[in-house]
Amino acid sequence: MSGDTASHEPVAVVGAGPVGLTAALVLARTGVRVTLLESRESLATESRASTFHPSTLDLLDELGVAAALRRQGRTVDRVQWRDLDGVVHAELDYSVLAGHTGHPYRLHVEQARLTPLLLAELTATGLADVRFGTTVTGAEHLGGGGVGGGGTGGGVRLRTEDAAGRVTVTRHPYVLAADGSRSRLRELAGLPGTAEEYPDYALRVVTGTPLDELVPGLAPLSYVRDARASFSALGMPDHWRLIFRIPRGTDRDAVLAPEAVRARVEQALPGAAGKAVRIADAHTYRLARFLLPRYRAGRVLFAGDAAHLTSTAGGLNMNCGIHDAVETGRALAAVLRGDAPGEAALDAALERRRSVVETAVIPRSEARTAGLDSAAELPARLASLRRTAADPGSAVDYLLKASLLDVAPRPLKGDAHADLVSQAHR
């Protein structure tokens with residue numbers, strides 16, 4: 001061990017979203033001082049990711065926030081595939097995952113409900129300097145040269161500017177970039193940042209109407225697969241989301257016209273015919289994929305959307321980002337505390353996180369929507385789902401992979417977990 005890590009220069013974590021806050025908390029819980037930099041004046045509140053998988057809940061439980069998050073969310077115990085006529089083709093119950101996870105369910109709750117919980121835990125460690133309204137404007141490795149030059153120089157010098165225009169220069173042994181899909185650190189490192197757009201974009205329709213009271217048997221996680229229309233329905237604590245794929249090139253203004261949104265919803269929910277479905281919001285967002293060739297540039301490390309983007313199908317990208325934060329944070333803490341000589345363990349963790357996205361997250365996310373518009377392929381896909389639901393082993397395998405339980409870092413147990421808890425309450 002290298003001694004009391006809290007006496008050393010702090011690690012800089014850039015970005016106070018779920019990924020950055022998780023990484024900062026993992027580091028602080030092991031005694032590593034952290035400077036958390038966020039360009040916004042406060043935590044983000046807009047509607048973003050809303051699905052937390054069992055693998056992620058296991059890790060959030062380790063960090064002491066899963067129970068509080070669950071109280072604010074909607075627990076989803078089954079996933080359902082159905083058609084527009086109300087025929088349920090297949091249904092899988094998350095209870096089959098008991099024994100594989102401490103949380104055999106999926107949780108629907110806005111990511112904005114998680115970040116305040118993480119921030120409170122981080123602040124309680126006493127090892128975090130949290131700076132909102134602070135933008136990174138420059139970065140170079142100590143000894144000279146930009147962060148994209150390949151050398152490490154023993155650390156990183158960051159230049160930041162606050163909302164009043166005051167410039168500050170700080171030194172850090174490492175910088176963890178969790179600053180999103182438009183990562184400033186990635187740009188400063190000269191790394192590629194252009195995402196490949198999918199052939200479709202997404203239309204999200206939000207309604208406060210309790211759709212499960214209008215549509216018989218509708219599960220809070222339902223995939224409607226029909227040659228006439230396919231979409232996803234997600235029941236949130238206080239609203240429902242309907243997510244449609246729209247071919248790229250389709251005029252967005254026409255798609256978002258109130259009468260067009262109303263017609264699409266009425267087609268999607270024939271079980272609610274003649275009943276008022278209150279449309280609270282409708283908006284579009286792009287679907288794209290992106291993967292950094294390497295998750296580090298010298299002493300600058302990348303995680304979450306700064307390192308990868310995937311299709312939103314299956315709600316995998318944010319969950320994977322939180323997994324990045326945990327595994328990278330653990331490995332970096334081990335290096336700084338002297339538990340892992342050299343950087344081999346850190347490099348292995350970063351490469352493992354990249355491999356997970358390349359070999360599991362992107363393929364699984366894309367498989368969720370492949371061939372949805374093909375009436376010829378639909379019967380075979382539905383038949384495959386029915387076979388999966390009918391076979392207990394196949395059902396477990398499907399949900400393990402859909403929840404990333406097979407590729408997520410495992411929660412710490414025994415003495416390792418006790419050490420984290422003791423660090424948190426010192």
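**Labels and their cut-offs**

Modeller: Helices α1 and α9 are roughly parallel to each other. This is a predicted model, where local features need pLDDT of at least 70, side-chain atom pairs count only at pLDDT 80 or more, and totals for chains, interfaces and linings use all residues. Residues are numbered from 1 along each chain as its sequence is written, and side-chain values use heavy atoms, without hydrogens and water.

Biologist: Why are α1 and α9 called roughly parallel?

Modeller: The axes of α1 (residues 18–29) and α9 (residues 317–337) cross at roughly 25°. Angles under 35 degrees count as roughly parallel. The label therefore applies to α1 and α9. Their axes come within 8 Å, and the crossing is right-handed.

Biologist: Which residues of α1 meet α9?

Modeller: Pro18, Val19, Thr22, Ala23, Val26 and Leu27 do. Their partners in α9 include Met318, Ile322 and Arg330. Contact means heavy atoms within 4.5 Å. By class, the contact has 11 nonpolar, 3 polar and 1 charged residues. Arg counts as charged, and Gly as polar.

Biologist: What makes β9 and β11 edge strands?

Modeller: The open sheet of 3 strands has the order β9-β10-β11, with antiparallel pairing. β9 (134–141) and β11 (167–172) each have a single partner strand, so one side of each is left without a neighbour in the sheet.

Biologist: How do you know that β10 and β11 pair?

Modeller: Two strands pair if DSSP finds at least two bridges between them. β10 (residues 156–162) and β11 have 6 bridges, in the antiparallel sense. Thr160 stands opposite Thr168 in β11.

Definitions and conventions
Axes are lines fitted to C-alpha atoms, for helices over the stretch in contact, and angles run from 0 to 180 degrees between N-to-C directions. Helices (H or I, at least four residues) and strands (E, at least two) are DSSP runs, numbered from the N terminus. Angles under 35 degrees count as roughly parallel, over 145 as roughly antiparallel, 65 to 115 as roughly perpendicular and the rest as oblique. A crossing is left-handed if the near helix is turned anticlockwise from the far one by less than a right angle, and right-handed if clockwise.
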